[in-house]
Amino acid sequence: GKFAEGDKVIVESIYKRAVKGNAKLKRYAQNNDAEVFEKSIFPDVFDTIAQELYTEQMTAFSKLFENKRFYDTIMQEVGRETYKDLRK
């Protein structure tokens, strides 16, 4: 589907938090293939980041936790892009 402007804020915030200053996640990306990273490692990291951002900005991030399909879609896409970026 199409992302609203608020959705873009959610995606960008999670992505930035995942990529910036996360040395442990970078090591995981460099030492594992994309499937292991996206399905086994990233979901826990994504959940932690999403909860932190929700606590900081409840209104903006409430949609993420109200819609499981939206949550899963965002997690998959951000995980894929995070992996690519951290492998560089």
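Which residues does D7 touch, not counting residues up to four places away in sequence? The legends below start with that residue and then move on through the model.

This is a predicted model, so local features need pLDDT of at least 70 and side-chain atom pairs count only at pLDDT 80 or more, while totals for chains, interfaces and linings use all residues. Residues are numbered from 1 along each chain as its sequence is written, and side-chain values use heavy atoms, with hydrogens and water left out.

**View 1**
D7 touches K2, K63 and F70, leaving aside residues up to four places away in sequence; contact here means heavy atoms within 4.5 Å. Helices are DSSP runs (H or I, at least four residues), numbered from the N terminus. With a relative accessibility of 5%, D7 counts as buried. Buried means under 20% relative accessible area, exposed means over 50%, and partly exposed lies in between, using a 1.4 Å probe and protein chains only. The side chain of D7 makes a polar contact with the side chain of K63 at 3.0 Å, and the D7 side chain also reaches the backbone nitrogen of A4 at 2.9 Å. A polar contact is a pair of N or O atoms within 3.5 Å; within protein, one must be able to donate a hydrogen and the other to accept it, and residues adjacent in sequence count only if both atoms are side-chain atoms.

**View 1. Helix α1 and what covers it.**
Helix α1 has 15 residues and reaches 21 Å from its first C-alpha to its last, close to the 21 Å expected at 1.5 Å a residue. The expected span is 1.5 Å times one less than the number of residues. Buried in α1 are D7, I10, S13, I14, A18 and V19. The cover over these buried residues includes α2 (23-31), α3 (34-56), α4 (58-66) and α5 (68-87). Just after α1, look for G21, which takes a positive phi of about 65 degrees.

**View 2. I14 in the largest nonpolar core.**
This core has 22 residues, and those with the most contacts inside it are I14, L25, F37, F42, F46, L64 and I74. Helices α1, α2, α3, α4 and α5 each supply at least two residues of this core. A nonpolar core is a set of buried Ala, Val, Leu, Ile, Met, Phe, Trp, Tyr and Cys residues joined through side-chain atoms within 4.5 Å. Not counting residues up to four places away in sequence, I14 touches F46, I49, L53, F61, L64, I74 and V78. In soluble globular proteins, nonpolar side chains tend to be buried together.

**View 3. Helix α5 and its cap.**
The end C-alpha atoms of α5 are 28 Å apart, which agrees with the 28 Å that its 20 residues should span at 1.5 Å a residue. N67 caps the N-terminal end of α5, with a side-chain oxygen 3.0 Å from the backbone nitrogen of R69. The buried residues of α5, among them F70, Y71 and I74, pack against α1, α2, α3 and α4.

R17, E52 and E56 are linked in a network of salt bridges.

**View 4. Aromatic pairs.**
A search of the whole structure finds six aromatic pairs. The rings of F46 and Y71 have their centres 5.0 Å apart and their planes at 85 degrees, so this pair is edge-to-face. Rings of Phe, Tyr and Trp (its six-membered ring) pair if their centres lie within 6.5 Å; planes under 30 degrees apart count as stacked, over 60 as edge-to-face and the rest as tilted. Both F46 and Y71 are buried. Y54 and F65 form another edge-to-face pair, 5.3 Å centre to centre with 65 degrees between the planes. Ring pairs link F37, F42, F46, Y54, F65, Y71 and Y83 into a cluster.

Technical notes
Salt bridge = Lys/Arg side-chain N within 4 Å of Asp/Glu carboxyl O.
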